[in-house]
Amino acid sequence: MDAVISKSWVEGRTRAPPSKSYTHRAILAAGYADGARVLNPLVSADTEATMRSVEAFGGSVERSTDADGDGDVTALDVTGFDGRPGVPDDVIDCANSGTTMRLVTGCAGLADGITVLTGDGSLRSRPQGPLLDALDALGGRAESTRGNGQAPLVLKGPTAGGEVSIPGDVSSQYITALLMAGAVTDEGVDIDLETELKSAPYVDITLELLADFGVEATAVFEGEDDDHDTADATGFHVDGGQSYSPEGGEYHVPGDFSSISYLLAAGAVAAEEGASVVVEGAVPSAQGDTAIVEILERMGADVEWDREAGELVVRASSLSGVEVDVGDTPDLLPTIAVLGAVADGETRITNCEHVRYKETDRVSAMAEELGKMGVEVTEERDVLTVHGSRTDLVGADVDGRADHRIVMSLTVAGLVADGETRVAGAEHVDVSFPDFFETLGDIGADVDLVD
Ligand SMILES: O=C(O)C1=C[C@@H](OP(=O)(O)O)[C@@H](O)[C@H](O)C1
Ligand SMILES: C=C(OP(=O)(O)O)C(=O)O
């Protein structure tokens, strides 16, 4: 399916979809528990892969829908496997979801037998090697069928826990996987980081959610580190023998700031003079991607965040290029690249090598696709520089690379490009923001979906 976008103004009130990262963790944590009710879940292709996984280990997931009959899922009632996952009857298909594959690898390490994980072509090309080595070091067995550190994966437990060392600059999801599983091992898990940690706020999300499920895990710091920024951690620790149990038996998922970034970007670049876009459901949480608010401010955008009300307002703004380090916030790169294309001057996106290990190499993808729209972009291994100017953007046929974030960010670029922009692979928004096109349409974007 293609999305065909014409230059348009946006204005109005909209709502953030629930967080993908919190939903994955909440479903799996409920699986590790006796069970729990997950309120305001994101139901998307990726989180459905995590639901299937919990079911494969012996749990169940029931959906409750709105009384108004619109089919919106308001809660997931998860029956858990209480820290002891069973051996799955079949291969688990993690589809396009890196989070599912990594977090479920940790869980598979607890099962007394073999678990096989696979996924789509993109997921089968992403790096799993360090996590497989960690599981081996903990006394389990973990193999890539092709011996290249990529899925399909064959995993054998059970592991009792122990000490592992792992790089921190490939994926923080390895740490999340080991902490979530480590809490229900006999001995607990000590993780020593071999390199600096990238995507650190995602580990903060994990620590926050674990605490809400009554599980204690901590970052380890060396020396005189007073500010205790997780990005500076040298390791992590979780005691074994813990039980997952959220207060009141339920957990509420906050709005998703990676998804919000497209709505804010749309408002900043395509709201008419005097008009605004308001995003509800923007409550503070551990999400690193809340940085989009500060990035927009630095670019000169007129944006206000009422944290108490969970409401963001952005107005028509003229933007200037800035330098942004995305070490903590890899998922913002496509949004920032588009903002940079519209802004005057140079936007340098630094510390971005790990953004190449996503659904696609997003550094190259944004350089090439924005290039097709007339934008001058310079790509280095760890830096993407966008030489922006609103007047340079021209509509073009671009490829969403079967990657939800590339599709959504190029759609936002299409709102300000001269002429028609056609983004191939529009259906992939179902990974994190299934209602993306409807939401944009509701605030005035001229977008048609065509087969
Ligand atoms: O743990 C998570 O929920 C995520 C961690 C990040 O990945 P890496 O840690 O692999 O950078 C992020 O890019 C991904 O979208 C979600
Ligand atoms: C990289 C992403 O997710 P995952 O790693 O779960 O595939 C993403 O949502 O941008």
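Me: What makes the shell around ligand 1 a matter of both domain 1 and domain 2?
Reply: In this predicted model, that shell takes at least three residues from domain 1 (2–17 + 255–450) and at least three from domain 2 (20–252). The residues around ligand 1 include Ser21, Thr99 and Gln173, along with Pro330, Asp331 and His354.

Me: How many residues of each class are in the shell around ligand 1?
Reply: There are eight polar, two nonpolar and one charged. Tyr202 and Pro330 are in the list around the ligand, and Tyr and Pro count as nonpolar.

Me: Okay, on to ligand 2. Why is it said to lie between domain 1 and domain 2?
Reply: Both domain 1 (2–17 + 255–450) and domain 2 (20–252) give residues to its shell, so ligand 2 lies between them. Among the residues around ligand 2 are Asp46, Ser97, Gly98, Lys358 and Arg405.

Me: What classes make up the shell around ligand 2?
Reply: Five charged and four polar residues, with no nonpolar ones. Gly98 is on the list, and Gly goes with the polar group by the rule used here.

Me: Which residues does the UniProt "binding site" annotation cover?
Reply: The unreviewed entry gives Lys20, Gly98, Arg126, Gln173, Arg362 and Arg405.

Me: Is Arg126 buried or exposed, and how do you know?
Reply: You count C-beta neighbours. A residue is buried if 20 or more other C-beta atoms lie within 10 Å of its own. Arg126 has 21 inside 10 Å, so it counts as buried. You'll find Arg126 in the loop between β7 (114–118) and α4 (129–137). Leaving aside neighbours within four places in sequence, Arg126 is in contact with Gly98, Gln150 and Tyr357.

Me: And why does Arg362 count as buried?
Reply: Do the count again: Arg362 has 25 C-beta neighbours inside 10 Å. The cut-off is 20 or more, so Arg362 counts as buried. Arg362 lies in helix α10 (residues 362–372). Not counting residues up to four places away in sequence, Arg362 touches several others, including Leu333, Asp403 and Arg405.

Me: One more! In the open sheet with the order β6-β7-β9-β8, what makes β6 and β8 edge strands?
Reply: β6 (92–93) and β8 (141–144) each pair on one side only. The sheet has four strands and mixed pairing.

Me: How do you know that β6 and β7 pair?
Reply: Pairing needs at least two bridges, and β6 and β7 have two, in the parallel sense. Ile92 stands opposite Leu117 in β7.

Conventions:
Residues are numbered from 1 along each chain as its sequence is written. Chains are lettered from A and ligands numbered from 1 in the order in which they are written. This is a predicted model: local features need pLDDT of at least 70, side-chain atom pairs count only at pLDDT 80 or more; totals for chains, interfaces and linings use all residues. A residue is near a molecule or strand if its C-beta atom, placed from the backbone, lies within 6 Å of it. Domain bounds come from an automatic or database domain assignment. UniProt positions are given in the numbering used here, feature names are shortened, and annotations may be inferred rather than shown by experiment. A residue is buried if 20 or more other C-beta atoms lie within 10 Å of its own, exposed if 12 or fewer, and partly exposed in between; C-beta atoms are placed from the backbone. Two residues are in contact if their C-beta atoms, placed from the backbone, lie within 7 Å.
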